[in-house]
Each structure stands twice: as structure tokens, then as C-alpha cells.
Amino acid sequence: MTQSTGSGEPLDRSPTITGVGMTVFTNKDERPLLELLTTAADRALDDADVIPTNIDSLHVGNAAAEAFNRRSGLANALSSELGITDITARRIENTSASGASAFLDAFDAIRSGRSQAALIIGGEKMSAADTATSTEIISRITHDAEYEQGVTLPSFAGLAADRYFRMYDADREDLAHVAVKNHDNARQNPYAHFDKEVTVDDVLESPVVADPLRLYDCCPTGDGAAAVLLTAGDDGVEVAACEGAVGTHAVADRSDPLKIESVREAGNSAYAAADVTPADIDVACIHDAFSILEWLEVEELGLAERGKAWQLTVDGTTNRDGSLPINPGGGLKARGHPLGGTGISQIIELVWQLRGDAPNNRAVGDVNCGLAVNVAGFGNNSVCTVLKGETA
């Protein structure tokens, strides 16, 4: 690989992923944030058999290091830890979509010719703040007017679930199957936050968070980091598209609270750029911060008809052995959701599945096209990525 200072020619083919690595997502990791990020980066470089000095650009996804960890300047500190100089390095913040947004930044850098080898690292250390402080930090993601009214992200999810049940034929027990499925997937993933079987009764009997949503409908917060090496080379897993879109910020201003326009727009743009349709998607990693979001996003992405996504969960279509596996790594619900690390971990899961690296108990079979969607807030900004099997 050659060093680039930004004078390269635009790439006339898709970038490829040649290395991935992550830390275990957990409720508390004793290592500092910078060490988590460095560990994930080292693992991705080892996977690609690339030394740090061959990197042209560094893209760090992190949502709130200042608030959680009193830490700024992450990209510069990380480049120093990795022993890299004479590169471009920057941090990308887009709340819970910071990871995929950093990936999009790197994708654009490779496509434009500004970088030949881009290292993307996303991570968060949320355990450094107590529960009240963490809740306040996350609550600030909402629109100012909604924050002042005391409306939180779990509240939006609870209201959406209630409306979905009233609009369509799904009920509370049907939704419990999302958590059951994703916990079962996470049990096969050694990097997942949870290693715990959950039954429908467990979900229905867990404490109410925002009626009708209960504890097992909600993802955990925690610590973790994930990294990907993206290159201009022609071998590796092809990144056929990476597209982002914003939607209406205030949920109260949306015409229909069950529609997430940013997911729909990012998905449609990604399908067009990758020259695929929803029917071509073999496996998907969906941003299920709350169980109801898995259904809403599957419908926005055209993977199910409006009001029908719940049927795919109940009839097993979205199981690991189903025809459209959703969140085979456990999703945010059970793999975990360290904000800045989530979008990268979704891409890593797809890479493992497409390369055939996932172990037999988590592999989803013969797949060639995967999709990941990473969402900021309650859908005000989304990034959709489409990957295809290794090109050589």
C-alpha cells in the first residue's frame, strides 16, 4: 500500500474490507477508552496482516467521550498510540450512528482517492458515568423541545409499539419473539454483551420501562470498540454502497411516528448505489435499540411490507436458519450498544458471515449480500451499508 496525501485519483470500483476486529461488548470494561480503541484497531490490522504505518487515514466514531470520559482529541491520541504519523485523522460524532458515520467518512475518502487504506475505529466507554449521568447524556440526543417535555428515547419506542399493535395484527407476545431471537443469537457470539437465554415469558414478565415495552425490549448500554480496515484494493469483502440520510428531528413533527424516513432514504440510496433490491439481501444487521425498531426498520428498508414485519419474526423467517436472518450476532438488543462501536460491529458481523468466518452455530448459510443500518437518536439520521462477498 502507498501513502496518500490526498492527491490520488478517484476509485473506479468499490472499496474492500480486508481486516476486522473488536473487543467484547460488556457492561463494564476496566480498560480506558483509548485502550479499547487501540485493541480493536490492532486486531483489525492483524486480521488484514497490515502494519500501522501503511495506513493513510484514521476515522474514529465516538458519540460522547467528553461527557462519559472527560476525553477529547481521540483521533490524535489514537494515531499516537498506534505509532502513525503523516496521515489524516479525525473523529466523527453522530450520536448512536457515530460508528457507521465514521465508516461513511472513510468510504468517501477511499472513493475520492484521498486515501488508499483507511482504518475506522468506533467505540464508547459508557460505564465511566453513573446511571443518572448516563441517562442524562443519552436524553440530550432528543430534540430540545422534546427534552424539555421529558420525552425520552424509551418513551418514543413505547409509543411506537403501542401504535403498531393498534394499527396491525401484532400483539405484545409477538414482539417478545424479537428479544428471544436476538438473545439466542448472542449466545453464539463470544463478543456479545449477553450470554443468556430469554423466553417469551421472561420478556413479558420483565419490568415495564415504557408501556408496553419492558426491560428485555431495550438494549443495554456498555463498553466496547470495533475496527475495520477499508482499502482501495480489489480483494476482500466489497463495500457496494454506504449512504446516509437525515430525517425530521422532532418525532412529534413527523407525519407518522411509525415511519422512519432517514432509514428509508438511506436504504433506497444504498440499494441504488449497489445496484441491488431488497430481494437481493441475504442477511441484515438492524439497529434494534428497542425491539419495535427491528420491525419498523425492516419495513422502511422494503424487507417486509408495511405492517407485516412482525410475521417474519413469528414464523421464523428472521431466525439464523430462516430465509432472511436478522441480527445473527445478537443485534443491539443482546450484542450490546456502546454507542460509537455499534455501527462498526454491525459491519464486522456481516464480514464474518460473508467470509464464512462465523462458527457453524452462528453461520447463516450461503450468503452473498448483506445490509447494515445504524440509526442516530430515534431515526433522525441513518447510515445504510451494503456489502457483497469477497471479490477474490
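1. Let's start with Asp 202: it counts as partly exposed because its relative accessibility is 31%, where partly exposed lies between buried (under 20% relative accessible area) and exposed (over 50%), using a 1.4 Å probe and protein chains only. Asp 202 sits in helix H9; helices are DSSP runs (H or I) of at least four residues and strands (E) of at least two, numbered from the N terminus.

2. A word on the basis: this is a predicted model, where local features need pLDDT of at least 70 and side-chain atom pairs count only at pLDDT 80 or more, while totals for chains, interfaces and linings use all residues. Residues are numbered from 1 along each chain, and side-chain values use heavy atoms, without hydrogens and water.

3. Helix H9 (residues 200–205) gives the largest share, three residues.

4. Now for the salt bridges (a side-chain nitrogen of Lys or Arg within 4 Å of a carboxyl oxygen of Asp or Glu): the count is 18. In one of them, Arg 91 pairs with Glu 66, with the closest N and O atoms 2.6 Å apart. Arg 91 is in strand E3 (residues 88–92) and Glu 66 in helix H2 (residues 65–69), so the pair ties together parts 25 residues apart in sequence.

5. Arg 355 and Asp 357 also form a salt bridge, at 2.7 Å between the closest N and O atoms. Through shared partners, salt bridges join Asp 47, Arg 355 and Asp 357 into one network.
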